[in-house]
Amino acid sequence: DMVTRVRDLLAIARKDDQIKALLLDIDSPGGGVTASDIIYHELKKFRAETQKPIVALFGDVAASGGYYVAMAADHVVARRTTVTGSIGVISRFVIWAELLAKVGVAVETIKSPNANGGDSLKDIGSGFRPMTEAERALLQALVTEMWQRFVEVVGEGRAGRLELDAVRKLADGRVFTGQQALALKLVDEVGYREAAIKKARELAKSPDARVISL
């Protein structure tokens, strides 16, 4: 999985003194919140322990979790045609209870009790029945907390370039082109691979460093 792969590659880069900087290629629409947060944490830990700079280079898409992990980088380069942003969290539930009723299918669910009174939440999000307001509120609170963490990460990653209040205003799930992201200070530069390599060499103070792929 991607988390394990990133950890393995960082272990290689951590041990090799000849590696002066990391160029992080990101081409991803995102994924799970926890996986994104772990990769972000591992990259930040690598920077702190080795003092080796990280430059993120965006491909076609660097959105949601893809943008999240880039916040561990010292410098972010987007291509003009990159789609990025999507700072937000989403959770979907399909309710098919009415469809099942039309074809004569019923589902009986036996759940563990709720010692606090009321109905058990063990089958929260079930598609076999409508969601209750209490369940909706609980799930909304979870999503909102994860969104707040995302905003916090972007605030840390863009510190000195973008105020936290500005991040919140941009964190409504919308996406941006590379050029739009630059204007909004979500990225540091619009360019191609050579621009990212140049910046990595500059930050590492190694103008003659060769580029290798791991």
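Ring pairs link Y40, Y68 and F150 into a cluster, where rings of Phe, Tyr and Trp (its six-membered ring) count as paired if their centres lie within 6.5 Å, with planes under 30 degrees apart called stacked, over 60 edge-to-face and the rest tilted. The model is a predicted one, in which local features need pLDDT of at least 70 and side-chain atom pairs count only at pLDDT 80 or more, while totals for chains, interfaces and linings use all residues. Residues are numbered from 1 along each chain as its sequence is written, and side-chain values use heavy atoms, with hydrogens and water left out.

The structure holds 4 aromatic pairs. In one of them, the ring centres of Y40 and Y68 are 5.8 Å apart and the planes stand at 90 degrees, so the pair is edge-to-face. Because Y40 belongs to helix 2 and Y68 to helix 3, this pair ties together parts that are 28 residues apart in sequence. Y68 also pairs with F150 in a tilted arrangement, at 4.9 Å centre to centre and 45 degrees between the planes; since F150 lies in helix 5, the parts tied together here are 82 residues apart in sequence. Y68 is buried, with a relative accessible area of 2% (buried means under 20%, exposed over 50%, partly exposed in between, with a 1.4 Å probe and protein chains only), and F150, at 3%, counts as buried.

Terms used: Helices (H or I, at least four residues) and strands (E, at least two) are DSSP runs, numbered from the N terminus.
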